[in-house]
Amino acid sequence: MWAVTGDPLALPVAVAGGVLPDLDHALDYYHWYWRRDFRRVYLFLHSWELVVACYLLAALVPAPWSFALAAGYFTQLALDQFGYRVHWYTYLLAARLLLGFDADRVLPHGVSKGSYRSFTRLLPAGRARAEGWFRSRLDE
Ligand SMILES: [Zn+2]
């Protein structure tokens, strides 16, 4: 992004646009692993509608940072869309809303109870302890 736009700020903005949407997993993890309720999947920040909004913002406010934000966010969602083999509508917020955020309808196979590994594998330390906690939430 820095090389393309010539603005060093484009780099951290693109990284933020590509990483920060995953913060929405906290809400789903709360429901799944704290409340032990696997019926719903929300993923509020994983939304093709928001990608369109980012590109509209970039068109209305043309700047290296706005283009970098849209490109970073698009990359995040495209990698999830094709990397996780979900339905074509899984990352459409309107579809999730219409389906009542019903995990069995939104996701091809419902919630994978091992989803926590996507988080724990990123931990630089304490991975075994964290995985033990998540497993303990599934056992009881
Ligand atoms: Zn994601």
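Here is a friendly walk through the predicted model above, in questions and answers.

Reader: Before we start, how are residues numbered, and what pLDDT do local features need?

Author: Residues are numbered from 1 along each chain as its sequence is written. This is a predicted model, where side-chain atom pairs count only at pLDDT 80 or more, totals for chains, interfaces and linings use all residues, and local features need pLDDT of at least 70.

Reader: Good to know. How many helices and strands does the protein have?

Author: Helices (H or I, at least four residues) and strands (E, at least two) are taken as DSSP runs, numbered from the N terminus. Along the sequence the pattern reads α-α-α-α-α-α-α-α-α. The count is nine helices and zero strands.

Reader: What share of the 140 residues counts as buried?

Author: A residue is buried if 20 or more other C-beta atoms, placed from the backbone, lie within 10 Å of its own; it is exposed with 12 or fewer, and partly exposed in between. The C-alpha atoms fill a box of roughly 55 × 40 × 20 Å along the principal axes. Of the 140 residues, the buried share is 24%.

Reader: Among contacts between residues at least 6 apart in sequence, what percentage joins residues at least 24 apart?

Author: Two residues are in contact if their C-beta atoms, placed from the backbone, lie within 7 Å. Among contacts in the protein between residues at least 6 apart in sequence, those joining residues at least 24 apart make up 57%.

Reader: Let's turn to α5. What span does this helix reach from its first C-alpha to its last?

Author: Helix α5 covers residues 64-83, which is 20 residues. The expected span of a helix is 1.5 Å times one less than its number of residues. For α5 the expected value is 28 Å, and the span in the model is close to it, at 28 Å.

Reader: How do α2 and α5 pack, and how do the residues of their contact divide?

Author: Axes are lines fitted to C-alpha atoms, for helices over the stretch in contact, and angles run from 0 to 180 degrees between N-to-C directions. On that basis α2 and α5 pack at about 35° with axes 7 Å apart, and residues including Ala10, Val13 and Ala14 in α2 meet residues including Pro64, Ala68 and Tyr73 in α5. For the division, Ala, Val, Leu, Ile, Met, Phe, Trp, Tyr, Cys and Pro count as nonpolar, Asp, Glu, Lys and Arg as charged, and the others, Gly among them, as polar. The residues of this contact are eleven nonpolar, five polar and no charged.

Reader: Now the loop between α3 and α4. Is Leu43 buried or exposed there?

Author: Leu43 sits in the loop between α3 and α4, and its phi is positive, near 45°. Arg36 is also placed in the loop between α3 (25-34) and α4; its phi is near 60°, and Arg36 is exposed because 11 other C-beta atoms lie within 10 Å. Leu43 has 21 other C-beta atoms within 10 Å, so Leu43 is buried.
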